[in-house]
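Colleague: Thanks for sitting down with me. Could we go through this one together, term by term?

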Amino acid sequence: IRGSGAETGVRRELGYCVFCVDPCLCETTSLPLQRERMSSDALLFGVLTHHGLPYWTLAMISGFAHTIYTLIVLFIVFGLVERLGFCGISVWRSLCGSVAEHESSLLPLPVPTPTVCVQLPMYNERAVAARSIGAACSLRWPREAFEVQVLDDSTDRLVAALVDETAAAWRARGVRCSVIRRERRDGYKAGALELGRKRTSAEFLAMFDADFVPDDDFLHRTVPRFYSRAGEPLGDLALVQGQWAHLNALDSLLTLSQSLSLDDHHAAQMVWRSAIVGFVNFTGTAGVWRASAIEAAGGWRAASLVEDCELSFRILFAGYRTAFAEVPVPAELPATVEAYRAQQRRWTFGWAQLIRLHGRQLICGYRCAALKKAHLVYHMCLSAQWPLWMSWQIAAPWLEYLGLFVAAPDEFYPALVYLAPVMIHMAASTLIACVALGRRYSEPLRRRSPAGAFLLAPLLLLRVVPAAVVAAGMLPHQCCAWVGGILTPGEAEFQTTPKSGSVGEAATAESSS
């Protein structure tokens, strides 16, 4: 029996026995005498109540809620392992003097030069179509081994005309730039990529969403990674994923919060997964694929709204590995709440579909080391954190009301105990992301204003505040998206993220040379 009135047996603090012969005695009788008046049946079955609920019911509520919390803590522990592992990798690189090789050095081109096709899937991208085509056609690669496919599903005639005009202008400058259109938008983005793949004989396929603006040396810094230093093909490497950077990170609190989560993902998680696990998922853009690997895995499919991740796991099951290259590719962050909600819903819905599609095969069919499998399960199930957090947010007030927090009875301690893992994770993620990628933001400002670059450091650290607020506000929306992905069979509608063509006030995503 819990409560500060254990010596007086006050009912409102201790509860009472429902089998007591004289219930009024529970108000006045001391605890020892109250126990004596309990019937043998009550002692046998333990039918005590607290706040009107039997204690076995409270035990079930507490057990269920703390199981949810334990799963959340497991996700946090895995995340901290990735981030602390990234710190170890960074220290090792510094000691070995290999930072330049991993970040910015231009690797020698293989001989003979492999053919590369750049694919640009787009749909009514009025604001960014011309910029995207221009950036792709400006990539440096031997022209006899280079082509660009604009996979345009636009239904807006003005946008289609703009795409045709821009492609024609680059063809006049000697670039093989073709526009591929479909009568029906079957399979959405995956369908367009599959059609383009079948219409090229290129050995490697580089893919960019319409809002990404790669530097002209992107191919020189990624394609050679498919070969050893001796120039031999690394046949088991299917994908080299580039690193996202941001054109408009400082435009608003919304874009600032997004930049933190993406920096954390592309600075810490991707590097660790590539180096230790040998697997990173394709993010749908800013990556180079080995065309034969996609063919071996069965091609692009529209079974999930995250067709990129779905293909990545099929590539894994087919025996390939994927790698991450710290080659930044600037892109536009969703600048409005509506655009951000659409993007996040698609991602969460699609990852939930992925669990339904491939979860059983990963757990039961894919053979690998136990620790690797544990991480891959964590990787695939990351989106499950949304319903877990939603359930915990609903349960926590009831646990407090019913006095079921596993902590000292002081009212201050439970909050500290339960919030500690979350706060440690947030602090570690923020600090590591800022240290790893902070110069991407500070260098452009330092050239214009050293004082502005100095003041930017605390701003980058404080990104955690809007990021936490946005995550809390998105919780119901994301939970509904996850449940929808788990329960919805077949294809779902692919909603593109609206783009404005913003490049930001401070050009924060300048790539470091």
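Colleague: Where does UniProt place the feature "transmembrane region"?

Modeller: The unreviewed UniProt entry puts it at residues 55–81, 376–395, 415–438 and 450–475. Those positions follow the numbering used here, feature names are shortened, and annotations may be inferred rather than shown by experiment. This is a predicted model, where local features need pLDDT of at least 70, side-chain atom pairs count only at pLDDT 80 or more, and totals for chains, interfaces and linings use all residues. Residues are numbered from 1 along each chain as its sequence is written, and side-chain values use heavy atoms, leaving out hydrogens and water.

Colleague: What makes up the span of residues 55–81, helix or strand?

Modeller: Residues 55–81 are 100% helix and 0% strand, with end C-alpha atoms 38 Å apart. Helices (H or I, at least four residues) and strands (E, at least two) are DSSP runs, numbered from the N terminus. For residues 376–395 the values are 80% helix, 0% strand and 29 Å.

Colleague: Why is Arg273 called buried?

Modeller: Its relative accessible area is 1%, and buried means under 20%, exposed over 50%, partly exposed in between (1.4 Å probe, protein chains only). Therefore Arg273 counts as buried. Arg273 sits in helix α11 (residues 253–277).

Colleague: Which residues does Arg273 contact, leaving aside neighbours within four places in sequence?

Modeller: Among them are Glu82, His265, His375 and Tyr378, where contact means heavy atoms within 4.5 Å.

Colleague: Where does pLDDT stay under 50?

Modeller: Over residues 1–47 and over residues 505–513; pLDDT is the predictor's confidence in each residue, from 0 to 100. The chain averages 84.
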